[in-house]
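The following paragraphs are intended for a reader who meets this structure here. They proceed from its helices to its cores and then to its loops.

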Amino acid sequence: MLDLLYQNISRYIDLSEEEFTRFASPFEYKVFKKKEVILKEGDYCSFEGFVVSGCCKVYYLNENGFEQTLYFAVKGWWITDIDSLINHVPSILNIEALEDSEVLMISKKNKELLYETMPQVEKLFRMMNQQSSVGLQRRILSLTGKTADKRYVEFLQKYPELEQKLTQQQIASYLGITHEFLSKIRKKIFLGK
């Protein structure tokens, strides 16, 4: 479990074994059952979570009450509501385990302590936030500038292991379309038209 966290952060910074032990010590191991809510809209987000196993979805309900999925967090991904965490405002996001999931969670307070005691951790999270911003920009450009067909193909490339695990409704929510329209897209792609 900690090996996966080490591999993840090693893409950004180098830590000795002793430094990594110090880095990992404030993380709390949590297990969430399928459909368990990790963060509920209206609550204050006080954590960042690293998904060790399973799959979570980060979503919100739009003004019509329809679910809009921002992203799926699979093994090796991070989860949080950054706005709620940083600005201490009620969350507009929900985070839910789509299957039994293991998550390493760190509180904002403990993360700030790491910043003070391990300067390279600040570099780590700055670099991770930059990558997250790139991903968000690409997601926005995809949603606003690409057809649903192309977004579906991108989804399959980004989450190849998820198509069989998710419902059509969940995939459609991520793509910003109805599940009926997704059925038409899948049929068209399957038939090669």
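This is a predicted model: local features need pLDDT of at least 70, side-chain atom pairs count only at pLDDT 80 or more; totals for chains, interfaces and linings use all residues.

Helices and strands are here DSSP runs, a helix having at least four residues and a strand at least two, and they are numbered from the N terminus. In this sense Gln130 lies in helix H5.

Helix H5 spans residues 119-145, which makes 27 residues. From its first C-alpha to its last it reaches 39 Å, close to the 39 Å expected at 1.5 Å a residue. Val121, Leu124, Phe125, Met128, Arg139 and Ser142 are buried in H5, whereas Gln130 is partly exposed, with a relative accessible area of 42%. In an α-helix there are 3.6 residues a turn, so residues three or four places apart point the same way. Gln130 may also be placed relative to Phe27: the two are 103 residues apart in sequence, and their C-alpha atoms are 22 Å apart in space.

Leu124 and Phe125, together with Leu5 and Phe23, have the most contacts inside the largest nonpolar core, which has 22 residues. Two or more residues of this core come from each of helix H1 (2-10), helix H2 (17-24), strand E3 (47-53), strand E8 (101-107), helix H4 (108-117) and H5. The most is given by H5, with 4 residues. What does Phe23 contact, leaving aside its neighbours within four places in sequence? Its partners are Leu5, Ile9, Leu15, Leu114, Met118, Val121, Leu124 and Phe125. Apart from this core lies another, of 17 residues, among them Ala172, Ile177, Leu182 and Ile185.

Helix H4 also holds Leu113. Leu113 is partly exposed, its relative accessible area being 41%. Although Leu113 and Pro26 are 87 residues apart along the chain, their C-alpha atoms are separated by 9.5 Å.

How do H7 and H8 pack, and at what angle? Two packed helices are described by the angle between their axes and the distance between the axes. Helix H7 (residues 168-175) and helix H8 (residues 179-191) pack at about 95°, with their axes 8 Å apart. The two are therefore roughly perpendicular to each other. On the side of H7 the contact is formed by Gln168, Gln169, Ile171, Ala172 and Leu175, and on the side of H8 by His179, Leu182, Ser183 and Arg186. By type, the residues of this contact are 4 nonpolar, 4 polar and 1 charged. Just after H7, Gly176 takes a positive phi of about 80°.

The backbone deserves a further remark. Most residues other than glycine have a negative phi. Lys35, however, has a phi near 75°; Lys35 is placed in the loop between strand E1 (28-32) and strand E2 (37-39), and is exposed, with a relative accessible area of 63%. His88 likewise has a positive phi, of about 50°, although it is not a glycine. His88 is found in the loop between helix H3 (82-87) and strand E7 (94-97), and its relative accessible area of 57% makes it exposed.

Definitions and conventions: Residues are numbered from 1 along each chain as its sequence is written. Side-chain values use heavy atoms; hydrogens and water are left out. Axes are lines fitted to C-alpha atoms, for helices over the stretch in contact, and angles run from 0 to 180 degrees between N-to-C directions. Angles under 35 degrees count as roughly parallel, over 145 as roughly antiparallel, 65 to 115 as roughly perpendicular and the rest as oblique. Contact means heavy atoms within 4.5 Å. Ala, Val, Leu, Ile, Met, Phe, Trp, Tyr, Cys and Pro count as nonpolar, Asp, Glu, Lys and Arg as charged, and the others, Gly among them, as polar. The expected span of a helix is 1.5 Å times one less than its number of residues. Buried means under 20% relative accessible area, exposed over 50%, partly exposed in between (1.4 Å probe, protein chains only). A nonpolar core is a set of buried Ala, Val, Leu, Ile, Met, Phe, Trp, Tyr and Cys residues joined through side-chain atoms within 4.5 Å.
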